[in-house]
Amino acid sequence: MTGIVIIDKPAGWTSQDVTAKLRRVFGTKRVGHGGTLDPMATGVLPVFVGRATRGVEFFEHADKVYEAEVRLGVITDTQDITGRILEQRELSVSEEAFRRVLSQFTGEIQQLPPMYSAVKVAGKKLYELARAGVEVERKPRKITIFALECLEFSGNTARLRIHCSKGTYIRTLCHDIGQALGCGACMASLRRTAAGEYTLAQSVPLETLLESPAPETFLLPLDSLFRSYPAVTLTEKQTQRCRNGNAFSISLPDGQYRAYSPAGEFLMLAEVDRNVMSTIKSFFAV
């Protein structure tokens, strides 16, 4: 089986738990996910099956959209509600002040990875060091918050919608917003509503998939990953050159394309440079 299934991940499962379960469901070891979700988080988790795993590398830089609940006045060691409470503070934050501070966290910003994360320092994952009670110096990383919107404010909690770049830690964003307000904050819940081209509307609850007698019906075609690229159908001769890994002449503007055989088989993600098409990555069955 080959394709991409968009799982609506339930709370309590790691992303690796999901892929391990789906290896058994689809009967293949070739299963990988696009974009890790913490166990407490729910929502869109694209899972790549079979030959589609060749496309995971193109998903790594995909934008994400989240809805998060922020708990004001509470600081934890993990920056989310599951962690050990380090401090609780009195609240005197107005909705106007909360909305105003969000502008500090939009655009290109620097974010310090949390200790409870899979980022490696000197070959060690930070969460391994954190669990051992060790805190090390981390370097800030550049991220982009494309949009940050307050959906609801109720005094000690707020609900945010965040459109962000790869590598953004939403719990750190919540923590940093609390620091800027002077009251502290942690993330109380997180739901990913979109990842790259995929949204909750295309997702299937994990339980539904596991109980289905025909799980393959939930697989989206591999080329759905590249639907933002223009499509081009090659001639038989061009198709053969593609299968042989050769570049060939074609009259198209410079850019990247989805290339198909005359029979409609998705062959490759291709690049055209000065009327020559070459392979970025091939996806045809061998």
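**A strand between two partners, and a helix**

Tutor: Strand β4 (residues 64–72) pairs with strand β11 (residues 157–164) in the antiparallel sense, over 8 bridges. Two strands pair if DSSP finds at least two bridges between them; helices (H or I, at least four residues) and strands (E, at least two) are DSSP runs, numbered from the N terminus. The model is predicted, so local features need pLDDT of at least 70 and side-chain atom pairs count only at pLDDT 80 or more, while totals for chains, interfaces and linings use all residues. Residues are numbered from 1 along each chain as its sequence is written, and side-chain values use heavy atoms, with hydrogens and water left out.

In this pairing, Glu-69 stands opposite Arg-159 in β11. Strand β11 is also joined by 7 bridges to β10 (residues 141–153), again running antiparallel, and here Ala-147 faces His-163. Strands β10 and β11 form a hairpin with 3 residues between them; in its turn, Gly-155 has a positive phi of about 90 degrees.

Ser-15, Val-18, Thr-19, Leu-22 and Phe-26 of α1 are buried (under 20% relative accessible area, with a 1.4 Å probe and protein chains only). Seen down the axis of α1, these residues fall within an arc of 95 degrees, so they line one face of the helix; the arc is that of the directions from the helix axis to the C-beta atoms. Just after α1, Gly-27 takes a positive phi of about 65 degrees.

Terms used: Buried means under 20% relative accessible area, exposed over 50%, partly exposed in between (1.4 Å probe, protein chains only).
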